[in-house]
Amino acid sequence: MPEPLASEERLASPSQFKGPYKRSKFLSYLEVKKRADTGWPIVTTLPTAPIGPHDLRPTPTGMTIVAFLKGRIPLLARTGLNFVDVRDCALGHLLTMARAKSGERYLLGGINLWLCDFLKRVEPHARYRTPRFYAPHWLSFLTACASETAGRLWPNWTPFVTREAVQMSRGPHFSSNAKAENELGYVPTSSIDPAIHDAVEDFVARGLVPFATGGFSSAQPRPRFFRIADHDEADAKIVAA
């Protein structure tokens with residue numbers, strides 16, 4: 001039986017987070033929630049896995065694209081995420097400020113995809129194919145241990161994968177946008193492909209990946225349009241961003 005989609009109604013516990021980074025974010029949220037429960041005018045937005053241009057670090061999600069374009073994902077993990085165009089996510093924050101109920105929290109997501117399916121959408125921009133085989137958990141964990149050890153011995157070494165990431169990848173992290181859609185009029189785009197295209201274009205222009213088969217010439221963002229359901233009208237508005 002498939003796991004139910006994550007929603008705002010089900011709150012995790014610190015024990016479910018396998019590393020200090022995610023656990024610290026959760027504990028920070030609990031501190032904010034205490035104040036919201038006492039009447040502070042606080043609303044919490046919960047983005048899922050944003051994809052798009054200007055991912056400066058890059059984020060862990062952006063690094064997945066970078067690693068794949070460099071041929072550094074030889075095997076798959078049996079995991080999945082909810083991927084969202086970062087511009088949809090930004091619009092969701094604006095809608096939250098304008099329409100949200102104080103004290104509430106809202107998931108701002110896009111579409112649920114297994115890692116394999118996500119990489120197949122990145123594949124047209126790369127010279128590498130999506131891996132066909134899955135890495136056993138023990139192999140991923142040993143790789144993470146070795147990679148973290150190398151990071152401690154050589155300061156300039158960036159771990160290829162961490163134990164925290166491996167532990168969190170043991171299953172999918174799919175979620176629902178229903179609350180944000182119903183209460184905020186949040187309507188994310190139906191395809192993540194344009195966001196992947198623009199993310200790759202940006203990574204190529206900044207030299208984070210050496211090539212791309214799509215023939216990208218610049219990292220200038222193209223005009224995007226979002227559908228926003230209006231609370232006062234039956235039809236959706238089209239807003240340029």
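A residue is called buried when its relative accessible area is under 20%, exposed when that area is over 50%, and partly exposed in between, as computed with a 1.4 Å probe on protein chains only. The structure described here is a predicted model, in which local features need pLDDT of at least 70 and side-chain atom pairs count only at pLDDT 80 or more, whereas totals for chains, interfaces and linings use all residues. Residues are numbered from 1 along each chain as its sequence is written, and side-chain values use heavy atoms, with hydrogens and water left out.

The protein has eight helices and nine strands, where helices (H or I, at least four residues) and strands (E, at least two) are DSSP runs numbered from the N terminus. Of the 241 residues in the protein, 38% are buried. With contact taken to mean heavy atoms within 4.5 Å, residues 24 or more positions apart account for 75% of the contacts with a separation of 6 or more.

Two aromatic pairs were found in a search of the whole structure; rings of Phe, Tyr and Trp (its six-membered ring) pair if their centres lie within 6.5 Å, and planes under 30 degrees apart count as stacked, over 60 as edge-to-face and the rest as tilted. F83 and F118 form a stacked pair, with 4.1 Å from centre to centre and 5 degrees between the planes. This pair links distant parts of the chain, since F83 belongs to strand 3 (residues 80–85) and F118 to helix 4 (residues 115–122), 35 residues apart. Both F83 and F118 are buried. In the pair of W114 and F174, the ring centres are 5.4 Å apart and the planes lie at 85 degrees, so this pair is edge-to-face. W114 is in strand 5 (residues 111–114) and F174 in the loop between strand 6 (172–173) and helix 7 (178–184), so the pair ties together parts that are 60 residues apart in sequence. W114 counts as partly exposed because its relative accessible area is 38%, whereas F174, at 19%, is buried.

Two packed helices are described by the angle between their axes and the distance between the axes. The axes are lines fitted to C-alpha atoms, for helices over the stretch in contact, and angles run from 0 to 180 degrees between N-to-C directions. Helix 2 (residues 60–69) packs against helix 8 (residues 193–205) at an angle of about 65 degrees, with the axes 11 Å apart. Helix 2 is therefore roughly perpendicular to helix 8, in a scheme where angles under 35 degrees count as roughly parallel, over 145 as roughly antiparallel, 65 to 115 as roughly perpendicular and the rest as oblique. In this contact, G62, I65, V66 and L69 of helix 2 meet A199, V200 and F203 of helix 8.

The loop between strand 2 (49–51) and helix 2 contains P58, which is joined to R57 by a cis peptide bond with omega of about -5 degrees. H54 lies in the loop between strand 2 and helix 2 as well, and although H54 is not a glycine, its phi is positive, at about 65 degrees.

R129 is placed in the loop between helix 4 and helix 5 (137–153), and R129 counts as exposed because its relative accessibility is 65%. Leaving aside neighbours within four places in sequence, R129 is in contact with F68 and E123. The C-alpha atoms of R129 and L119, 10 residues apart along the chain, are separated by 8.6 Å.
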